Amino acid sequence: MLVADDNDSVQIGGLLDQTLNSIDGVSVHEATEALDRLSTELPHFPYRLLSIASGGENPSQRVAAATYLKNFTRRNTGAGGIISEVSKEFKDQLLRALLHAEPALLKVLLELFHIVVVSEFVKKDAWPELVLELRSAIEKSSLISCLDSSWSTVNALMVLLTVVKPFQYFLQPKLVKEPVPQQLESITNEILVPLVSVFHRLVDKALTTHEWGELEMEKTLHIISKCLYFSVKSHMPSALSPLLGSFCRDMIRILDSLSFDWSVTPSDGYLLRLKTGKRSLLLFGTLVSRHRKYSDKLVPEIVKCSMKIVKHSSNISKLGSLTERIISLAFDVISRVMEIGPGWRLLSPHFSLLLDSAIFPALALNERDISEWEEDADEFIRKNLPSELEEISGWREDLFTARKSAMNLLGVIAMSKGPPVSTTNKASSAASKRKKGEKNRINNQRRSMGDLLVLPFLSKFSVPSKSNILDANTSAAYFGVLMAYGGLQEFIQEQNPEYVASLVRTRVLPIYSTSDCSPYLVASANWVLGELASCLPEALAMPDQEEISCYPVRVSAAGGICSLLENEYPPPEWLPLLQIIIGRIGKEDEEDSILFQLLKSVVESGSQDIAMHIPYIVSSLVSNMLNFIDPSEDQWSQATVGGLETLAAMSQTHEISKPETDEEENQATETWLTGQGTISKALSALLQHAWLATDVPPTSCIDHFSKMLWFIALASTNCNVAVELRLADLLVVWADLLASWNGWEESEDLSVFDCIEEVVSISTKYDFRSFLYRDMPSPPAMPVRPRSVVESIGSFVSKAILEYPSATRRACSCVHTLLHVPDYSSDIEGVRKSLAVVFSEAAFSHFLQLREKPCSLWRPLLLAISSCYISHPDVVECVLEKVVSGGFELWVSSLAFSYSLTLDASPPSIASEVKLYVLTLVKVIELLLDVRQGNATDDLDSESDDECEETEEEFLERYAKAAAELEDSEVIEEADEEDDEREIDLGHLNEIDTQKLVLSLMERHHQKVVKLVPSEVISTFLNAFPAYTGFFT
């Protein structure tokens, strides 16, 4: 349906122009909302947009219409969309628009077409006429028909490419052997098979044109090659397999026509030819790996073509990125051939030639490397010196280089086995005496090419040493040797340790003892080191030379040390390494984040071995960091954050290293306590600088600062130390920041709760007034009492209970600590009351989200409410009823039955939880008995019993369903259970004797209790306290 330029189309066109021409966001937003409204009101809205896209007033309006139509179709097509089926009329109109579209519009319309194709053709197979219509469009297009056609061949083939592209992947990946989709078979029979002949004819014509001037023809060749590649990437259509030889040989002809002359600036046409060549090599790699049955006969020709290409690797420093990518792909094709049966036979005669004239030239240092080293050192590192320091190096998917592919091929060749070799009896006898597990110990052995060819080849290059200073050319070559060793890691790992040690000692180590050695060699040597930690610290401190930056040397050294530590290769001595790292921090901003990562790795790896050095490190590091931490900046640099993270990790490491004995005269304990004092003073100075030196403390790194504050609190062994460290002042700022902190979900570090528990303990011990109450500020400040430390902490804890599932258990544990450990005097009892309100509301709201599914968070949430209820029963009952009607009874029954479930399965080992459970039950029963005594009537009793019974039945039904889900292992836990066995701190409640409390209750009210409490609760109680069975008989 072609819609005329009626009033609706004019209105839509005006709104599209408004989105393009308005300079303010408000107008654009208004126009977009108006279009959204029209899309629901106008029955033929998509047709009007497509009509504008095909014949709008100007190119910008046409692209805008196509873009909105694309987004509209994406939103409304597929699962949950309002468009269940795209009409044939719309699809036909879209296809015609594609054939006439200019390039800018074509790109957007193809994205729209892709959405429709995937939905209608690929998934539903509901567009059977598409293939024949597309074939007709291609046949009638300008370049194919040789007539004066208005249909563009490039456009028609781009449509074909969009149709074929979804079939590059398996549509049913769960099937072991997915058949070729019928749609792809149809496309192949009707379109791709005829296109193979067209491709051959166009290749003949293109190869007679040496000026690369016919852009449409080169574009056509490129698109057809992509269509063929996508059609065989996963599947092999039956009609295409007989034609593999034809189009593969045409692709080889294209590759043979490529020029690797760097002195000529490539034209647009030649760049397209290069892209066709690149796609051809990708197709060859797919055929060799995926379709050997059909491609084995073509492998010799593919190898011959690839060998010609890789011989140009000596010029990669002068070639463009696309040409280098072609050389890289040719290496990859040869590597894939090596992995198939005929590979050895075809390539083994050429191994020496490959190594000498293709692989090694790609590995050697070249002019582009030197330029990149100076201009973009990080890029050089990413390409050539991968390490575990992810932010600063490592192979990236978008970094395809000839060197990387050559290294991969070298590794494949080294691991390949030569033909059987007979040995003499003498040799066999000698071999039989070697250690078990070594190679070459039996007759008719097969030695690897790494032994026979690769290592002997590399040994020809002299290693630099004090007596053998290399010139620039030989130094560049030895760079290639070191890169080769990096590519041989898998092969080297299979050798015995003595061989590896000898190789590194004789071929790598001398570099470090050579004066004025090339930093390029040192950097590459850092990368290949596998067992040596003693040399890398020196490289880590290597200063810049007069004309050469040594930044890559230091970065690669850091990466090498990290790799060694991760593989459990510690340095002979930790202190020299630590001193070098500390000495470098602060000298170069760009290196600091790397050095902090390295320092953190050293601390984690060294642990107990470096604990004695931590006080020195922390003091030095804090002195350094005080110079570049600006408290006025809310967002700090990556280096600063890394430094704070490292300090936090070191403080924890030192605390863990505390000697077991507590005797003060013990020398180890005295040394440790001295170190603790040194660290706490340094950390306090850092926190004072960050928080107390500004009116608006920065909100960054609260998690790291919490670990430091935890350490300071632990180190405050008496009131004088706490005053010296200004602990009370730091707590006020920390608590205020914690209350407004929204970053816990990202860090997910439970150490902040360790800090909360320690802060409550130390504040109660030393009676910090600001912990429970803060005075009004002096004028001219607003007369508003600031929150106390405990109120600020409570704000965070309630948020953690409600919003952070993985923190819920620890947050609930903090509820008990905050309510029962501090000594709330009568004049500030309102503080505890407000905490009970926010805690109970948060915990009950979270429980309501989980009540339909069993999970380990039930108990901590319900017990958190119990602590609140014991503190202020009337207030908490009102809160629960406010959250949901009947909330109080729901909480009581849920608590009872959750413990019934626990006791039936395995009795809880946490005495504090059982105590809180009993205290709560007694409190609830007393309340109910008090109510009944004041309003006792049989009718009320009956009504209450019915209501209680109804609640019980509802819960039992829900409980049975949940238990079945647990048995089927379909429950998703919302938190780790590593803290499930932690004792909760009940503070003054620990002084209550629960057995006496229960006995007193039963002596006074046992008959009423029997009538009031559900039988399941009584059974649970008697399981825990069998001595009281007599009260219930």
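How many aromatic pairs does the structure hold? The structure holds 22 aromatic pairs. The model is predicted. The protein has 1033 residues, and 53% of them are buried. Its secondary structure consists of 50 helices and zero strands.

**Overall figures**

- Of the contacts in the protein with a separation of 6 or more, 73% are between residues 24 or more positions apart.

**Aromatic pairs**

- One of the 22 aromatic pairs is formed by W636 and F705, which is edge-to-face because the ring planes stand at 85 degrees, beyond the cut-off of over 60 degrees.
- The ring centres of W636 and F705 are 6.0 Å apart.
- W636 has a relative accessible area of 9%, so it is buried.
- F705 also counts as buried, because its relative accessibility is 0%.
- F844 and F847 form another aromatic pair, with 6.4 Å from centre to centre and 20 degrees between the planes, and this pair is stacked.
- Both F844 and F847 lie in helix 43 (residues 829-850), where they are three residues apart, or about one turn of the helix.
- F844 has a relative accessible area of 0% and is therefore buried.
- F847, at 2% relative accessibility, counts as buried because the value is under 20%.

- F45, Y68 and F72 are linked into a cluster by ring pairs.
- R75 places its charged end over the ring of Y68, 5.8 Å from the ring centre.
- F45 is also one of the buried residues of helix 3, a helix that spans residues 45-55.
- Helix 3 is mostly covered, with nine of its 11 residues buried.
- Besides F45, the buried residues of helix 3 are P46, Y47, R48, L49, L50, S51, I52 and A53.
- The cover over these buried residues includes helix 1 (7-21), helix 2 (25-41), helix 4 (59-76), helix 5 (88-100) and helix 6 (103-123).

- L365 is located in the loop between helix 18 (351-363) and helix 19 (367-375).
- With a relative accessible area of 13%, L365 is buried.
- L365 and A476 are 111 residues apart along the chain, yet their C-alpha atoms are separated by 4.6 Å.
- Not counting residues up to four places away in sequence, L365 touches I370, R403, A476, F479 and Y520.

- E324 is placed in helix 16 (residues 321-338).
- The relative accessible area of E324 is 10%, so this residue is buried.
- The side chains of E324 and R368 make a polar contact at 2.6 Å.
- When neighbours within four places in sequence are left aside, E324 is in contact with I316, R368, T401 and A402.

Conventions: Residues numbered from 1 in each chain as written. Predicted model: local features only at pLDDT ≥ 70, side-chain atom pairs only at ≥ 80, totals over all residues. Heavy atoms only, no water. Phe/Tyr/Trp six-rings, centres within 6.5 Å; stacked < 30°, edge-to-face > 60°. Buried < 20%, exposed > 50% of the residue type's maximum accessible area, 1.4 Å probe, protein only. Helix = DSSP H or I, 4+ residues; strand = E, 2+ residues; numbered from the N terminus. Lys NZ or Arg CZ within 6 Å of the ring centre and 35° of its normal. Contact = heavy atoms within 4.5 Å. Polar contact = N/O pair within 3.5 Å; in protein donor to acceptor, adjacent residues only side chain to side chain.
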